[in-house]
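I opened the notebook to record what I looked up in this model. The entries follow the structure.

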Amino acid sequence: MKTDTKEHAHRRAVVNKEFGSLVGKTVKSVRPLTEDECEMFGWGYRSELAFLVEFTDGTVIVPSQDPEGNGAGHLFIETVA
């Protein structure tokens, strides 16, 4: 099945609007969330490996399993040739 170019263009626009501000940022650190931070998100500290990616400008990414924040998430890190 081929990618629908109209649908792909829409997806590209949504991703750019939501995440385009990350382009060019520099990662400062990656660390697990503290117990208090997990509690702030309503996540279990002992049951989930929640973490954040912090950038040099203070922006952070906290991976979530869905847009509603129903639990810690995962990032797939791959090298693209």
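Among contacts between residues at least 6 apart in sequence, what share joins residues at least 24 apart? I found 30% in the chain, with contact meaning heavy atoms within 4.5 Å.

I noted the basis next. This is a predicted model, where local features need pLDDT of at least 70, side-chain atom pairs count only at pLDDT 80 or more, and totals for chains, interfaces and linings use all residues. Numbering runs from 1 along each chain as its sequence is written, and side-chain values use heavy atoms, with hydrogens and water left out.

I read off the fold. The chain has 2 helices and 3 strands, taken as DSSP runs (helices H or I, at least four residues; strands E, at least two) numbered from the N terminus. Their order along the sequence is α-β-α-β-β. The radius of gyration is 15 Å, well over the 12 Å of the globule rule for 81 residues, so the chain is more spread out than a compact globule. That radius is taken over C-alpha atoms, and the rule is 2.2 Å times the number of residues to the power 0.38.

I checked burial. Of the 81 residues, 15% count as buried (under 20% relative accessible area; exposed is over 50%, partly exposed in between; 1.4 Å probe, protein chains only).

I looked for aromatic pairs (ring centres of Phe, Tyr and Trp, its six-membered ring, within 6.5 Å; planes under 30 degrees apart are stacked, over 60 edge-to-face, the rest tilted). The structure holds 1. Phenylalanine 41 and tryptophan 43 are stacked, 4.7 Å centre to centre with 20° between the planes. Phenylalanine 41 is partly exposed at 36%; tryptophan 43 is buried at 6%.
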